[in-house]
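Hi there,

Here is the structure I promised to pass on. Have a look first, and my notes follow below.

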Amino acid sequence: MDSWLTTILIVLPMAGALLVAVAPLSAYWIGSLATLISLVEIGFWITAASKFDFSSPALQFSQQHSWLRDLNVSYHVGQYAFSLWLVGATVVVMAAAVIYGWWVGRERARAYFALMLFTTGAIVGVFTAQDLLLFYAFFEAMLIPLYVLIGAWGGADRLRATLTFVIYTVVGSLLMLAAIVVYGLQQGTFDLTKMGPSNSTWLFLGFVVAFAIKSPLFPFHGWMPVTYRQSPPEVSAVLSGIVSKAGLYGLLRIAIPKFPTVAHDWRNVLLVLAAITLVYGSLLAWRAPDLRGVVLYSSMSQSGLIVLGLFAFNDLGLDGAVLQMVNHALISASLFLIAGMVERRTSTGEFALLGGMARGRPALATVIMTAGIIGLAVPLSTAFAGEFLILAGAFQQGWAWAVVGAAAIVLAAMYMLRAISGVLHKDVGPAVPESALDLRLGELAVVVPLLLCLIGLSAWPNLISGHAFGGNQAHVTISQGLQK
Amino acid sequence: MIAKPHVDWFALSPSLALTGMAFLLLIVAVTVRKGARRQVSAFLAFGGFVTSFALAILLDDKSPVGTTQVHDAIFRDRWAALAQILLAGCGAVAVLVAYRERMRDEHIAEYYALLCAAGAGMMFFVQAANLMTLFLGLEWFSIALYVLTAIDIDLIGSLEAGLKYLIVGAVGSATLLFGSALVYGQTGQLSFDKIAASGHAHSAMLVVGLAMIIAGLAFKASAAPFHMWTPDAYQGAPTPVTAFMSSATKIAALVVTYRVLATAFPHDERLWTYAVAVIAIVSLAWGNIAALLQRNVKRILAYSSVSHAGFMLIGVASANAIGARALMYYLIPYAAMSLGAFAVVAARERELGVPVTLQNLAGLGWERPFFGMSMWIFMLGMLGFPLTGGFFGKFYVFAAAYDHGFWWLIVAGVIATMISAYYYLGIVRSMYFRDAAELQLAPAGGSPPREWLLGAGVLACVVVTVGSFFAVQPLIDVAQSAAASLPF
C-alpha cells in the first residue's frame, strides 16, 4: 500500500480532472467536486507524511514499472524528504487555488477545473519522478494546462503573456531535452537513482538554463512580469508559488548532485546570478507601481535567495533553501490571492488608485498585514528562519554573499511595507468604492489556512529544515548524488 | 517459352485486395444508382482497406524472416508489412473523413476507386526489391494521387493544385528513373542486394545515380528543397485527400528511402548519411520558418509535414538499427496526428463553407469541445510534447542521431522544435483564446452536420497519438522486428 502513495498523489488529481471534464453537473457542483478532490489529495499527502521515515535519507514510497525497456526508461516515482515537503506545499497551494476559482465562479467551469487538477498531478509528478524522462514528461505536461489557463481566463493582454511564457519555457525545456537524451544515452539508463555523475559542462548548462528560466533567475526572467500580471490571480499563485519551485527543485535534484564537479566550477557564476536576481528583484519590487508587481518581483528575488542557499553547498544553505521553498510557496500564493481579492473590489492593482482599505475592513487588513509581515521575513517568522539559514550558509562561502543577502532583507522590508501601506493606509484611493466589502467567508477560507500553515511553521521551522534530507547531513546526501 | 517465376500471392495480397476493390468500385460507378452510390462505394472502400489491414497483419506475422519473392522483384518481410499495416490504417481513416465531403455524386465511386488504387500502389511500392518495381510502385500511386488532387472541379484551386503536383511530381519521377538508369548502367543489376554486391561503390556514375534516386524519393517525401509542390497541392486538394496524402505518402516514401539506401548502397553509407542529414536540416529549417508566415491552416500543416520529413530523415541519416526503429515508430503517431489534424480542418471547413484560416478557427475549442481537444492533442503531438507519441518519436530520432555521432542533428532538431512551437501553439491559441463572437463568425449552415464517421476517425487518431506514448514499448518491439529486416 505504501508504495502506491506517490502514484496515488499523481494519479488522483489527473483522474479527477477527467471526471470533472465529463461529469454531467452544473458549474457550481463541478467546482465543489474539484474542491473535494483537492482536499482528498491533501488527505493522502498527510497520510504520506505521517508514514514517512524522516530518519532515513533513502527514497520512500517508491514504485517502479518498466516502460521503455529499449532505452532503460521506467515509470519510477518516489519521494525524498525534501520532495515530500514540496509535494505538501503543492497540494496545499493547489487546493487554495481551486477553492478560490470555485469561489469567484470561473466561467467554463468544466475546462477550468479539469485543467487545474491536471496541473496539480503534473506538478506532483515533477517533484516525485525518479526517472529523467518521466521528469521531463511531467515538466512539460505542467506547461500544457497553464498555457490554456492563462490564455483563456487571463487579462486583456493575455495573448502576449502566453506567447512570452511559452517561448521562454519551450526554449528552456528543449535545451534540457537535448541534455537529457545525451546524458541518458551516455549513462545507459534514465533512472535518476542509478545515473552516475557526469563531467560535461554542456549538459550541466542545458539543465541549468531550463531551471533558471522556470525559477526564474536573472537574466532569464523576461517572461515573468507580463505572465504573472495577466494570469488569473490563482494561476499566478500557482505559477509563482509552485511552478517556479520546479526549477529550483531541478537544481537540487539533478543539476547539483549529477554534475558535482561542474557545479562546483560554475558555482561562482550561479552565486553571482543569484545575488543579482536577489537585489535586482528587490529593487524592482520596491519601484513596482502595482500590488502584483511587488509580489512578482519579490517572488523573483526569493528565487535568487534560494539559489544562493543551494549553491552554498553546505548543510545550512541546503536546509534553508528547502525551508524557504516551502515558505515562499505559501507566502507568494497568499499574496497573489490577496492581490486578486483586492482587484475584485477595486478592479485595479495600481497603488496610485488604491489606499485606505484598512478602514472598516478589519479582516482584509489583518490578512494583508500577516502575509506581508511574514513575507518580509520579520524575526520569529518562518521566512526569517529560512533566510537566516541561507545567509549563514552563504556566509561560509564568503562573507560578501551574506552581505548582499542581508541588504536584500532590508529591501524586502522596504517594498513590503510600501505595498501594505499603499493598499491599506494613506487616503482612500479613487478606485476604492465606499461599498467595497471586507473579505468574505469564502475568501477567508482560502487564505487563512495558508497563513495558519505559515504561522505553524514559524513556531517550528525545524519541522522542515531539520527533516529535509533524512538522517544524513544535507551536504553528504547531495554529494552522494541521491543514488539510493 | 518464357519461364514463369513462382508468384507468392500471399505476399502480394494486401496490395491485390485493394487493387481488386478499386476495380469493383469502378463497376459500382456505372451499375449502382446515384442515390446509393456514395454509401455503397464508401462502404466498399472502407472494407477494402480493412481487408488489406488484416492481410498485412497476417503477412507481418508469417514473415519473421525476410525473403525476396517473384524473381527478386518484391520483398516479403516485416519492414514492408508494418508499413502496409500503417498505410491500410491511414486509408481506412481517410475513407471515414471523406464520407461527408461535399462532392458531386457522379464521380464519387471513382474517387474511392482512386483512393484504393493509391493505397494499393503504396503497398506495392514499400515491397519493391528492384529498381523496376520501385519505379512502377511510385508511378502507380502518384498517378492516382494526381487525379485525386484535381478531382473536385467545384473546388477553387483543386485543378491548379493537381496540375502543379503532376508537373513537379513528374520531374521527381523522371529524376528517380534517370538515377535508376545510371545505377543500372554502372552495375548491370536491378535488384537492390545485387547492386550492393556488384562492387562498383564510389564510382562516379553510381554516386550520381544514387544522388538522383535520393532526390526522386525526397520529392515524394516532400523533404526540402524538393517540397515545392507540397503547400499548393495540400491546400488545393480536397481536405480528405490531403489527409491521406500527408500521412500515407510520407510513410511510403520514407520507408522505401531507408530500404533502398540501406540495402542497395551500404558501401556508400558515408556519402548518403551526410546527404540525407543535409536534406533533413534544410527541411527542418525551411518547413518551420515558412510555416510561421502562413495563415491558412492547411498550408501551415503542409509546411509542418515538410519539417516532419526532416525529423524522420534524421532517423534515416543515422543509418543504424536504432534509427530504423525510430523511423518506424515515428511514423505511427505522425500518421495519426497528420490525418487527425486534417480531419478536424475538414470538419471546420464543412461547417463554415470557406477555407480554414487561423482567423476562423477562433472559438472552435469551445464550440466543438471534442474536435478542439483532439486538435490540441495533435498540435502538441507534432510539437513533440509528452503524453503523445510525438514526444517519443522525436526522442528516438535524437537518440539515433546521437548513436551515430551526429550530435549537430540533435541541435538542429531542437532549434526547429523551438521555432515550431510558435505556429503549433498558434493554432491552439486561435481555437481557445479568442471568442468567435468577438470576430463575428457565423457557421455557414447553422448547426454543424452530425459527422459521426469523421468523429470516429478523429477519435481513432487521438487514441493512436496518446496510446503510442503509454504503449511505447510494444510499438518499439514491433518497429524493432520490422527494422531487423534491414541489413544493420
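How many helices and strands make up the secondary structure of chain B? In this predicted model, chain B has 20 helices and two strands. Its radius of gyration is 21 Å, close to the 23 Å given by the globule rule for 488 residues, so chain B is as compact as a globular protein of that length. The C-alpha trace of chain B spans about 70 × 55 × 40 Å along its principal axes. Buried residues account for 64% of the 488 in chain B. If you look at contacts in chain B between residues at least 6 apart in sequence, 81% of them join residues at least 24 apart.

Helix α14 of chain A covers residues 362-375, and at 1.5 Å a residue its 14 residues should span 20 Å; the end C-alpha atoms are 20 Å apart, which agrees.

Which residues of α14(A) are buried? They are A:L364, A:V367, A:I368, A:A371, A:G372, A:I374 and A:G375. Seen down the axis of α14(A), these buried residues fall within an arc of 165°, so they line one face of the helix.

Best wishes

Terms used:
Residues numbered from 1 in each chain as written. Chains lettered and ligands numbered in written order. Predicted model: local features only at pLDDT ≥ 70, side-chain atom pairs only at ≥ 80, totals over all residues. Helix = DSSP H or I, 4+ residues; strand = E, 2+ residues; numbered from the N terminus. Expected span 1.5 Å × (residues − 1). Buried ≥ 20, exposed ≤ 12 C-beta atoms within 10 Å, placed from the backbone. Arc of directions from axis to C-beta. Rg over C-alpha atoms; globule rule 2.2 N^0.38 Å. Contact = placed C-beta atoms within 7 Å.
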